[in-house]
Amino acid sequence: AGAGEETRVSAVDLVVFLHELQDVRRASNAIDLVLKKDVYNLTTVASVLNKLVTLDPLPILLMRTMLKCMAQFPKLVDFAVSRYLPQLLSRGVWDISILWKGFCKAVVVYAPRTFGAVLQLPQTQQMNLLEAHSELIRPLFDWINAPNSPVNKATVPPALLSFLHHTTRAKMEAERQHQQQPQPQPQQPAVAAGEGLVRAELNSSSIP
């Protein structure tokens, strides 16, 4: 720009710039404020995320922003799951704890659409994820074995299939045994202190 000319920053570049600030608290507050502007529609937000997932290093606030955008724009979810999550896997997202935590949250919140990304994880990270979020095990097992499953079961690692199978069977057996146990009879409510006092007085010989 020439002297005296105003430099204009695009809506996309502004959010990307905020993700590169060192003060994470101030950056997160600024990002929240900016994303409320009407200019940040589905297309603009997608462009922001397209840039953020390619930055090196990955911004600390990336997953926070991605989750907020996915919640704000439900039509973004399928695109984010099929494009952004695999890109993060190729970048070794599990090596950055705060991003990995956000990645796992996205997997849980948007399951089963995120199960394809789970299958792309290295075995160690798969086990870490499933052990930390055991509520995913049975749905993932059912998703893989469904007649209309989008995944070819033959491509799923045998170790993962075995883990899912045995864990699901064990949980189902535990639930069955719990249902067969006799239900405890409801206990009579404890006698209130005032009622006990009245009974004691009624039983006392001092009352005519």
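Q: Which side chains meet in a salt bridge at 3.8 Å, N to O?
A: Those of D56 and R91. A salt bridge here is a side-chain nitrogen of Lys or Arg within 4 Å of a carboxyl oxygen of Asp or Glu.

Q: Where do D56 and R91 lie?
A: D56 lies in the loop between α3 and α4, and R91 in the loop between α5 (77–90) and α6 (97–109), so the pair ties together parts that are 35 residues apart in sequence. Helices (H or I, at least four residues) and strands (E, at least two) are DSSP runs, numbered from the N terminus.

Q: What kind of model and numbering is this?
A: This is a predicted model, in which local features need pLDDT of at least 70 and side-chain atom pairs count only at pLDDT 80 or more, while totals for chains, interfaces and linings use all residues. Residues are numbered from 1 along each chain as its sequence is written, and side-chain values use heavy atoms, with hydrogens and water left out.

Q: Back to D56: buried or exposed?
A: D56 is exposed, at 72% relative accessible area. R91 is partly exposed, at 31%. Buried means under 20% relative accessible area, exposed means over 50%, and partly exposed is in between (1.4 Å probe, protein chains only).

Q: How many salt bridges does the structure hold?
A: Five. One of them is between D13 and K51, with the closest N and O atoms 2.8 Å apart. That pair links distant parts of the chain, D13 being in helix α1 (residues 11–19) and K51 in helix α3 (residues 42–52), 38 residues apart.

Q: And how accessible are D13 and K51?
A: Both are partly exposed: D13 has a relative accessible area of 34% and K51 has 38%.

Q: What does K68 pair with?
A: K68 forms a salt bridge with D32, the closest N and O atoms being 3.7 Å apart. K68 is in helix α4 (residues 62–72) and D32 in helix α2 (residues 24–35), so this bridge ties together parts 36 residues apart in sequence. K68 is partly exposed at 38%, whereas D32 is buried at 18%.

Q: Which residues do shared partners join into one network?
A: D32, R64 and K68.

Q: Changing topic, which residues form the nonpolar patch on the surface?
A: V9, L14, F17 and L21, with about 350 Å² of accessible area together (Shrake-Rupley method, 1.4 Å probe; for residues, only the protein chains shown count as cover). Patches are made of residues with over 30% relative accessible area and no salt bridge; like charges are joined within 9 Å, and nonpolar side chains (Val, Leu, Ile, Met, Phe, Trp, Tyr) within 5 Å.

Q: Where is L14 found?
A: In helix α1. L14 is partly exposed, with a relative accessible area of 32%.
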